[in-house]
Amino acid sequence: KTINVPWAEPGSGFTAMFEALVIDWLHEASTQAVSRQMGLSWNAIDNIMQRAVKRGLQRRKLQPLKHIGIDETSFQKRHEYVTVVVDQERDIVVHVADERKKESLNQFYDTQSEQQLSELESVSMDMWPAFINTTLDRVPDAGTKIAFDKFHIAKALGEAVDKVRRQEHKVLTAEGHSILTGSKYQWLSNPENMSEKQWQNFIPLKDRVLKTARAWAIKELAMTLWHYSIRGWAIKAWRRWLSWALRCRLEPVRKVALMIKEHLWGIVNAIVLSVDNGRSEGMNAKIQRVKRRACGFRNRDRFRTAIYFHCGGLELYPCGVNR
């Protein structure tokens with residue numbers, strides 16, 4: 001027979017204060033480490049975390065969502081993912097779903113009313129087709145709200161520059177020239193993050209007549225096109241850039257330019273709305289730190305619980321316990 005007492009929650013073998021102590025420790029260390037320090041089994045500590053998340057989700061009253069970010073984060077190797085939706089204003093995870101399919105994102109949209117979906121002002125994401133198509137299907141006026149992240153554009157262009165560098169380095173090395181040897185990170189570094197000495201050392205390299213220097217110049221020009229506030233001017237500037245990038249005869253750069261041309265509408269949305277997926281990327285990094293500290297997770301359920309526990313902004317303590 002279960003007896004309810006004021007100092008513990010029903011079904012728990014621990015006092016509310018003890019569970020709160022374990023919750024505090026779980027924010028600082030892995031389940032295994034807390035288990036070892038508390039002298040309790042791994043399952044006992046894990047059950048406290050699961051109860052905390054269940055409590056938190058039941059208590060949660062989400063504020064209206066205006067700006068959300070959608071990203072995938074790796075669960076295990078072999079390209080296994082979960083989909084994570086972030087409230088970008090409050091910097092908290094509001095939804096976690098298995099894999100990164102249309103159904104994964106539809107699970108989140110199903111939790112929102114038609115009015116709530118219409119009140120979304122921006123949906124930041126990368127260019128994953130499943131996320132794009134699902135959002136276009138479910139969110140009213142999504143064509144003006146989907147925003148493709150500057151981070152992914154910069155990453156794709158940086159990779160293109162590096163491919164050009166590797167191709168050119170191979171040719172130059174065969175001819176006995178070593179001008180590009182050891183220069184990889186100079187081409188990939190953000191000039192704004194370079195010290196004065198690093199920049200002065202880089203100037204003679206970027207000013208040479210090199211294919212890599214041309215690819216780098218194209219990339220850097222693209223990075224200056226995010227300050228517009230008027231849609232028409234932004235489109236005009238990007239079209240000028242596309243004209244150069246598509247005629248540059250540098251195949252890695254052309255491939256990225258074709259991708260940008262196809263998704264220009266969402267890039268311009270990001271510029272005009274002044275949004276990016278930086279918070280989702282930061283949340284992704286936090287989730288990966290949680291995963292590394294736990295040395296991985298045996299199943300997606302535990303991974304999902306850990307994400308909500310550490311990133312969900314939930315009220316986790318048992319009833320009657322305050323921080």
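At 24% relative accessibility, Arg254 counts as partly exposed, a class that lies between buried (under 20% relative accessible area) and exposed (over 50%), computed with a 1.4 Å probe on protein chains only. This is a predicted model, in which local features need pLDDT of at least 70 and side-chain atom pairs count only at pLDDT 80 or more, whereas totals for chains, interfaces and linings use all residues. Residues are numbered from 1 along each chain as its sequence is written, and side-chain values use heavy atoms, with hydrogens and water left out.

**Salt bridges**

- The structure holds 16 salt bridges, each being a side-chain nitrogen of Lys or Arg within 4 Å of a carboxyl oxygen of Asp or Glu.
- Arg254 forms one of these with Glu251, the closest N and O atoms being 3.5 Å apart; Glu251 is itself partly exposed, at 42% relative accessibility.
- Arg254 and Glu251 are 3 residues apart in helix α12 (residues 251-262), so about one helical turn separates them; helices here are DSSP runs (H or I, at least four residues) and strands are likewise DSSP runs (E, at least two), numbered from the N terminus.
- Asp162 and Arg165 meet through their side chains in a salt bridge of 2.9 Å, N to O, and because they lie 3 residues apart in helix α7 (residues 150-174), they too are separated by about one helical turn.
- Asp162 is buried at 9% relative accessibility, and Arg165 is buried with a relative accessible area of 9%.
- The side chains of Arg90 and Asp87 form a salt bridge of 2.7 Å, N to O, in which Arg90 is partly exposed at 35% while Asp87 is buried at 1%.
- A network of salt bridges links Glu19, Arg51 and Arg55.

**The sheet**

- An open sheet of 5 strands has the order β3-β2-β1-β4-β5 with mixed pairing, where two strands pair if DSSP finds at least two bridges between them.
- Its edge strands, β3 (92-98) and β5 (146-148), each pair on one side only.
- From one strand to the next, the twist averages 30°, with axes fitted as lines to C-alpha atoms (for helices, over the stretch in contact) and angles running from 0 to 180 degrees between N-to-C directions.
- Strands β1 (residues 67-76) and β2 (residues 80-87) run antiparallel and are joined by 8 bridges; Glu72 has Thr83 in β2 as its bridge partner.

**Helices on the sheet**

- Helix α14 (residues 278-293) packs on the sheet and touches β1, β2 and β3, its direction making about 30° with that of β1; contact means heavy atoms within 4.5 Å.
- Helix α15 (residues 300-311) lies across β1, β2 and β3 and runs at about 175° to β3.
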